Amino acid sequence: MQSVFLIPPDSLETIPDNYFKPLDLDAVFAGLDGAPLEVDIGCGDGGFLVEMARQAPERRFLGVERLLGRVTKTTRRLARIGASNGRVIRVESHYLVRYLLPRRSVSIMHVMFPDPWPKRKHNHRRLIQTDFLDAVNEALVEGGELRLTTDDAPYFEHMREVFSVHPGFVEEPWSPGDDYPQTDFERHFRGLGLPIYRALLRRK
Ligand SMILES: C[S@@+](CC[C@H](N)C(=O)[O-])C[C@H]1O[C@@H](n2cnc3c(N)ncnc32)[C@H](O)[C@@H]1O
């Protein structure tokens, strides 16, 4: 059966004119000038991004993902629900945060189930490191949030070691309610009965 889209999926992928200067967010999200921005780092197939965009049409949601197939799935899912407040960009996520997000532009940064790189020799590839937190801190508005979620206990321990000594963040209690959208990976891990580890860091 042919899909019927309310919005052309291609128009929901953000392709910067210039990869060496920050995005013009009001041009990316036309009609939503100055609305709060949430960023989903490594958005996968976009299940979380699409549901958040559906629940809060007054906010702007940007997913970043490096795999083409997942970017395409995300744009198709956004298009299917007619979510004009959601976009996805195909670029390396640390690059996006450090070079393409304007300073003080992000209200909430979601990092959900980042690749855990469990082998010790690969630990340095983990996204959550001090230089990434420095870049997130620059991109967040004052009082903005970084929300971290993982199923991987050793990675969560590593995250805590990194963020607990970062001078730009303070951890706050966080236990999302049942109506909080789940990511595709979260649904999978919950289905297996595995624990989920979370942290909310507020920019000082
Ligand atoms: C384990 S999956 C989690 C996906 C989604 N957040 C979820 O919870 O369902 C991690 C995702 O991050 C993407 N990813 C990993 N490293 C990335 C990077 N450096 N830049 C952009 N995307 C990345 C992967 O392609 C993958 O889709």
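Colleague: Which elements do the buried residues of α4 pack against?
Modeller: This is a predicted model, where local features need pLDDT of at least 70, side-chain atom pairs count only at pLDDT 80 or more, and totals for chains, interfaces and linings use all residues. Residues are numbered from 1 along each chain as its sequence is written, and side-chain values use heavy atoms, leaving out hydrogens and water. Helices (DSSP runs of H or I, at least four residues) and strands (E, at least two) are numbered from the N terminus. Taking contact as heavy atoms within 4.5 Å, and buried as under 20% relative accessible area with a 1.4 Å probe and protein chains only, the partners of α4 are β2, β3 (60-64), β4 (86-89), β5 (106-112) and α5 (130-139).

Colleague: Nice! And which residues of α4 are the buried ones?
Modeller: An α-helix has 3.6 residues a turn, so residues three or four places apart point the same way. In α4, which covers residues 93-100, the buried residues are Ser93, His94, Leu96, Val97 and Leu100.

Colleague: Is alanine 56 buried or exposed?
Modeller: Alanine 56 sits in the loop between α2 and β3. Its relative accessible area is 11%, so alanine 56 counts as buried.

Colleague: What does alanine 56 touch, not counting residues up to four places away in sequence?
Modeller: Asparagine 85 is 29 residues from alanine 56 along the chain, with 8.7 Å between their C-alpha atoms. The residues that alanine 56 touches are Phe61 and Asn85.

Colleague: How much space lies in the largest pocket?
Modeller: A pocket is an open set of points on a 1 Å grid over the protein atoms alone, where a 1.4 Å probe fits, with protein on both sides within 12 Å along at least five of seven lines. Points are joined across faces, edges and corners, and the volume is the space filled by probe spheres set on them. For the largest pocket, this comes to about 730 Å³.

Colleague: Which element gives the largest share of that pocket's lining?
Modeller: Lining residues have an atom within 4 Å of a point, and the largest pocket has 31 of them, with Gly42, Glu65, Phe113, Pro114 and Asp115 nearest its centre. At least two residues each come from β2 (37-41), α2 (47-55) and α7 (184-191). The largest share, three residues, is supplied by α7.

Colleague: How many residues of that lining are charged?
Modeller: Charged here means Asp, Glu, Lys and Arg; Ala, Val, Leu, Ile, Met, Phe, Trp, Tyr, Cys and Pro are nonpolar, and the others, Gly among them, polar. In the largest pocket, the lining has 14 nonpolar residues and six polar ones, while the charged residues number eleven.

Key
Buried means under 20% relative accessible area, exposed over 50%, partly exposed in between (1.4 Å probe, protein chains only).
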